[in-house]
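Here is a short tour for anyone who likes to have the definitions next to the geometry. Keep the viewer open as you read.

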Amino acid sequence: MPTKKIIKKKKEEKKPKKSTPTKIVKKENPQKSEQPSGEQRNAKGVRIPALLRGMKDILPKDEGVWKKMYHTAENISEAYGFGRIQTPVLEEASLFIRSVGRGTDVVDKEMYVFEDRDLAKICLRPEATASVARAYIVHGMVSLPQPVKMWYFGSMFRHDRPQAGRYREFHQFGAESIGDRDPVNDAELIVTAFNFLKELGISPVLHLNSIGTADDRAKYLVELSGYLRTKRSYLCEECKKRLLKNPLRVLDCKNEQCQSTIEESPQIVDSLSESSRNFFMKVIEYLDDLSVPYVLRHTLVRGLDYYTDTVFEFYEEETGEGSAQSALGGGGRYDGLVEELGGRPTPGCGFALGLERVAYAIKRNLDKEVKTDVKAKNNQVYFAQLGEQARRRALYLIEDLRHAGTVTYHNLSKTSLKNQLELANKYECPYTLILGQKEVQDGTIIIRDMESGIQEIVDQKKLKSILDKKIQSLTNA
Ligand code: HAM
């Protein structure tokens, strides 16, 4: 802005002597967006403080959608056994430099970093996974039963170029499961995010890949760099720099010019060690058990450095393959993160969904039926399982019930029946389904009436119809 204009404005900002009703004169609003942009002055020419670029106000008229997202996140997280964590918006800048990594756009270009009054180098958090890992170490959560499962709902900050669905302050609903490397955790996180989106009336498409261990990636990088060097002249200017600094990031490039080179690049799955390949196969098997459809996308590497093995992203069905801007969310495994931050070697995985993008999808789908009464008490059951075989079968039965519209609470990491029945009482479920080793072998399941304590053994195939009758009679009573 020219200096002359600034000087003029300062003069005008003096308070008028007499107060007159504020009449807002909009000088410019080129984007015609819902958020006011550009300079605004009242009738006296007094400048009204502007909304910062890339920021937005969430107005009372939008509260319905935000409330729905919060309550759905809360219900589903609790049902899957996650406890809420709230970490500060301000963190040491080094937390993200060490975890998200130098060479990533988030750290190199987008972090809001500044010195506070004590001259400490701090930043507005650009994401929350590193914060949750820090909290895990600082609070000695290693001594709690593993994995420690936590969810969060809050704002993140990235000084990105604002455009549709991309803000400088945005909100995420995320969940992290730290302390256990069983692939069932990856599948459970994916299904948590998947069901969150579905309960909000969105049809998610899951994109899935594995980027293996650091060793697998080192091997792959040699191959990828060799290939990209032969295609250097076809790459955009930014990718030419990436090729030198961090060749894996070339696979994230959205520039049209680079797409055919990226598509034809060597596939990272071919460089996976046997253990990473088996791990990935297990995740896929669990997703098949859960009837979660997925698209295997070999170019999916994610833009943050801490990932190992499983990586995934969610898109909205209509948007399909879309650009990174349209990803509703993403996540993956980060088995080296806690150790990188000074903790013991501890595996972990998680996801985060961008709530502005989810809110936009909800509004677009408003004419579709959205489930509103997720807490209708009669229509909810608790699913208790005992033993590994039962846990695996439970995954399948739970999804069957959920698809048929029964709200099903469970916590797959709990092993004692007593604990699970306590949770069933906490959620005020009228019935608990109990599946043990014997029931898995017999193809049966126990339905326990939580009020009378009476238990009935039923055929798993007839579970839904028997349960429906019981729920119906409760509703009619
Ligand atoms: P991310 O892919 O950087 O992952 O962000 C997750 C989601 O946040 C994106 O898919 C998008 O929906 C939303 N998002 C990101 N940047 C913006 C923006 N500038 N404006 C609006 N929405 C945005 C993470 O943040 C990881 N911490 C996810 C994770 C959790 N991985 C493991 N655990």
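The report below covers the model, the sheet, the helices on it, the ligand shell and one arginine.

## About the model

This is a predicted model, in which local features need pLDDT of at least 70 and side-chain atom pairs count only at pLDDT 80 or more, while totals for chains, interfaces and linings use all residues. Residues are numbered from 1 along each chain as its sequence is written.

Helices (H or I, at least four residues) and strands (E, at least two) are DSSP runs, numbered from the N terminus. Two strands pair if DSSP finds at least two bridges between them.

Let's begin with the open sheet, where eight strands follow the order 4-8-9-14-13-12-10-11 with mixed pairing. Its edges are strand 4 and strand 11 (294-296), each of which pairs on one side only. As background, strands of a sheet pair through backbone hydrogen bonds, either parallel or antiparallel.

Strand 8 pairs with strand 4 (residues 83-84) in the parallel sense over two bridges, and Gly 83 has Met 150 as its bridge partner. With strand 9, strand 8 runs antiparallel, joined by ten bridges; here Phe 153 stands opposite Phe 173.

## Helices on the sheet

Helix 2 (residues 63-79) lies across strand 8 and strand 9, at about 160° to strand 8. Helix 10 (residues 274-289) packs on the sheet, touching strand 10 (204-210), strand 11 and strand 12, and makes about 35° with the direction of strand 12. These angles run from 0 to 180 degrees between N-to-C directions, with axes fitted to C-alpha atoms, for helices over the stretch in contact.

## Around the ligand

Which residues come nearest to the ligand? Of the 23 residues around it, they are Glu 127, Phe 170, Gly 350, Ala 352 and Gly 354 (near means a C-beta atom, placed from the backbone, within 6 Å). Strand 9 (169-178), strand 13 (329-333), strand 14 (348-354) and helix 12 each supply at least two residues of this shell.

## Arg 357

Helix 12 (residues 355-364) contains Arg 357, which counts as buried because it has 25 C-beta neighbours inside 10 Å. Beyond its neighbours within four places in sequence, Arg 357 is in contact with Gly 165 and Leu 328 (C-beta atoms, placed from the backbone, within 7 Å).

How values were computed. Buried ≥ 20, exposed ≤ 12 C-beta atoms within 10 Å, placed from the backbone. Contact = placed C-beta atoms within 7 Å.
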